[in-house]
Amino acid sequence: MDSYMEYLFNGILSLESVEDCMKFFEDLCTVTEVIEMSKRLCAAKMLSDDLSYVDIIERTGLSSATISRVKRSLAYGSDGYADVLRRLDEKGLSPWSEGDE
């Protein structure tokens, strides 16, 4: 990892609330980039919950190629998705409201 990436990640780790994250990512990324990242995380959750590609495409609008990439990361990646999903589950957090599941 280069020093710029390390600086970025340390900056993200310094954020203390969802509001802090929203403000930082609003400044750092375009709205579309943040939306796409959030959809990828939601796709990872749906894949881990055994939803089909069709269901994930309908719910997120992601392409099957993007979903395939997320699935490959879940299976063969660095466990980043798995770690985050586990931590969110432990906190009882879900990407959808009660009626959406």
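Tutor: The crossing of helix 3 and helix 4 is right-handed, meaning the near helix is turned clockwise from the far one by less than a right angle. This is a predicted model, where local features need pLDDT of at least 70 and side-chain atom pairs count only at pLDDT 80 or more, while totals for chains, interfaces and linings use all residues. Residues are numbered from 1 along each chain as its sequence is written, and side-chain values use heavy atoms, leaving out hydrogens and water.

Student: What makes the contact between them?

Tutor: Lys39, Ala43, Met46 and Leu47 of helix 3 touch Tyr53, Ile56, Arg59 and Thr60 of helix 4, with contact meaning heavy atoms within 4.5 Å.

Student: And why are helix 4 and helix 5 called roughly perpendicular?

Tutor: The axes of helix 4 (residues 53–60) and helix 5 (residues 64–76) cross at roughly 115°. The roughly perpendicular range is 65 to 115 degrees, so that pair gets the name. Their crossing is right-handed too.

Student: Which residues of helix 4 and helix 5 meet?

Tutor: From helix 4, Tyr53, Ile56 and Ile57; from helix 5, Ser64, Ile67, Ser68 and Lys71.

Student: Which residues does Leu47 contact, leaving aside its neighbours within four places in sequence?

Tutor: Leu47 contacts Tyr53, Ile56, Ile67, Val70, Lys71 and Leu74.

Conventions: Axes fitted to C-alpha atoms, helices over the stretch in contact; angles between N-to-C directions. Helix = DSSP H or I, 4+ residues; strand = E, 2+ residues; numbered from the N terminus. Parallel < 35°, antiparallel > 145°, perpendicular 65-115°, else oblique.
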